[in-house]
Amino acid sequence: MLANKKSLLALSVASALTLTGCFSDDDNNVTVPPVEPTDPVVVAPDAPVELGLVINANVVDSVTTNVLNAKLSFLENGEEANNIVDANGNELKVVDAADGNVVFTKKADSEITEVTVSVTADGYIGKSFIIDLTAAEGVSSVAAQLALVSANGEGVTTVAETVGAVGGATSTAVEAASTGKSGAGANIPAGTQLLDAAGNAISGELALSVSGADSSSSAAAAIVPAGLNAADAASTAKSAGVANILMADANGNKVKSFGDSEITVTMAVPATTMINGVAIKTGDTLKLKSHNEDTGVWSDEENVVTIGDLDAESNTFTGTFQTNHLTFFSSTVEIEACTSDISVNLSGDAVPAGGLYVQFASSDASANSFIAAGSTSTTLISADNAKRSGISADATASVSIVDANGNEWFSSDGEVAVCGAVTATLVNPVELVSEGFTVIAACGDGQTVDMSNAVVTYGLEGKAKSVAASSGGGSFALADLISQRTYQITVDARTPLAGDTTIGTTEILADGTAQQIDLRADCGDLTGGN
């Protein structure tokens, strides 16, 4: 007999039934025999089912690799995603990630092969990323590093102004601008209409933010949203200058268009920019593209960017254009696209169990990719995606390979050609240990739930989280732990636990000793009692 409140309740009910059995059930005095009480039966919840490919996404600072408190919006074909779910099958559309980490997968019956994730964080330039939802056979989880650039980081300048609006229009002229290699500006005349995405007028006090970046360095490429080129585009465009302009009221309502009005936008364009093999000059024009952060979609603009005067000190021209809406803008030039897969050939120390991240950085290319454990050769960017990203046939970049904590395993000696195969010799910079980790979820009477398909994530405080590999029977491997450091562990049991949750947490010291977490499963109401 179970000595708990549910057991006592069951006994009380059984006693009541026994008493009622002593009375006649009709006028013929036919006695109803009492119901003999039986012990109640505790029913354990179902074990979680196996997941498909799991994506472990971490939003990090591009320089420090520290995780960021971020907002992630999942998009498909320019609209809210309908096929992305968390480990428990809940649809994900917008996620506030306090620790920068989101683990997700796609619905079992979905055939989508990629998803766009628009990411924002206070003090950083927002960016859209395209995440591949396919993987090689036998790969059950893939890590995605979503790196954001500080709004005033190296090679980036952001200026802010306050805009007053009365009756849905600016009450005075407003200008927010910066100069130099990372210069960008917006000039908004008085009386300009201010409308949200639905065409509704916005009034009151609004915040205007204008960001520019140095397109002669890796700074601009690092903030250009993914997918600059359509997969079926007849030609390939490369970003030549950028301006990111946002305006919103205190409630976060964004100004997206100006109705019948237009504003003037400027951006710095390096004097080394080439058009058909010839350096640009005053009076030339460049094509213009815009990226809507709310849909994740790039569009070709009808207006063009006109090249103005040369700033000899910064060796940049001022590019100017008119627009009737706000978003991320990029002037572009056509290039010969890289038509080869971009890959890496590895030697030296083995890629650890948790995998590694490879990063390209230059004015030609900015990309992050993942190298799975044990790899000796990996395709980082397919030829099709190289074209979509605007990576040219002669692109060069500095290449670095780091682990989840930002420890550097390889760094190229300057920029190297990246269209094709890059060679890297890995050197492990830290002492790593691995530990076994067992998850036990038990009912009050000792019944257990198989936790083989739970999702276990772990990481150092403030750093990216990794997903532990399951070996069945509730056993997991905590790989690539820095010796003698403390790790936070989160277990999504994917089945109800006591306390109306599915999440269990603990922390461990990385010393090579096997660890265990004991969780209390929610076994629901007692059944089987009469």
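How many helices and strands does the protein have? It has three helices and 40 strands, where helices (H or I, at least four residues) and strands (E, at least two) are DSSP runs numbered from the N terminus. This is a predicted model, in which local features need pLDDT of at least 70 and side-chain atom pairs count only at pLDDT 80 or more, while totals for chains, interfaces and linings use all residues. Residues are numbered from 1 along each chain as its sequence is written, and side-chain values use heavy atoms, with hydrogens and water left out.

**View 1. The whole protein.** Taken along the principal axes, the C-alpha atoms of the protein fill a box of roughly 110 × 65 × 40 Å. Of the 530 residues in the protein, 47% are buried, a word that stands for under 20% relative accessible area, whereas exposed stands for over 50% and partly exposed for values in between (1.4 Å probe, protein chains only). Among contacts between residues at least 6 apart in sequence, 67% join residues at least 24 apart, a contact being heavy atoms within 4.5 Å.

**View 2. An open sheet built from β27, β26, β29 and β30.** The four strands of this open sheet follow the order β27-β26-β29-β30, and their pairing is antiparallel; two strands pair if DSSP finds at least two bridges between them. At the edges are β27 (366-371) and β30 (408-417), each of which pairs on one side only. Neighbouring strands of this sheet are turned by 15° against each other on average, direction ignored, with axes that are lines fitted to C-alpha atoms, for helices over the stretch in contact, and angles that run from 0 to 180 degrees between N-to-C directions. Strand β29 (residues 396-402) is joined to β30 by six bridges in the antiparallel sense, and T396 has A417 in β30 as its bridge partner.

**View 3. Strand β20 and its partners.** Strand β20 (residues 285-292) runs antiparallel to strand β22 (residues 305-311), to which two bridges join it, and T285 stands opposite T306 in β22. Five bridges link β20 with strand β24 (residues 328-335), again antiparallel, and here K289 has S330 as its bridge partner in β24. Strand β21 (residues 297-300) is also antiparallel to β20 and is joined to it by four bridges, with H291 opposite W298. Four residues lie between β20 and β21 in the hairpin that they form, and G296 in the turn has a positive phi of about 75°.

**View 4. Nonpolar cores.** The largest nonpolar core has 34 residues, of which L208 and M247 touch the most other members; such a core is a set of buried Ala, Val, Leu, Ile, Met, Phe, Trp, Tyr and Cys residues joined through side-chain atoms within 4.5 Å. Leaving aside residues up to four places away in sequence, M247 touches V163, I188, L194, L206, A207, L208, N253, K254, V255 and L326. Another core, of 28 residues, lies apart from the largest one and includes V449, A454, L460 and L481.

**View 5. A cavity and a pocket.** On a 1 Å grid over the protein atoms alone, a cavity is a set of points where a 1.4 Å probe fits but cannot get out, and a pocket is an open set with protein on both sides within 12 Å along at least five of seven lines; lining residues have an atom within 4 Å of a point. Grid points are joined across faces, edges and corners, and a volume is the space filled by probe spheres set on the points. A search of the whole structure finds one cavity of 30 Å³ or more, and the lining of the largest cavity includes M247, K254, E293 and L326. The second largest pocket has a volume of about 980 Å³, and of the 40 residues that line this pocket, T120, A121, L246, K254 and E293 lie nearest its centre.

**View 6. Two residues with positive phi.** N276, which is not a glycine, has a positive phi near 55° and sits in the loop between β18 (274-275) and β19 (278-279). Is N276 buried or exposed? Its relative accessibility is 78%, so N276 counts as exposed. D480, also not a glycine, has a positive phi of about 60° and belongs to strand β37 (residues 475-482). With 19% relative accessibility, D480 counts as buried.
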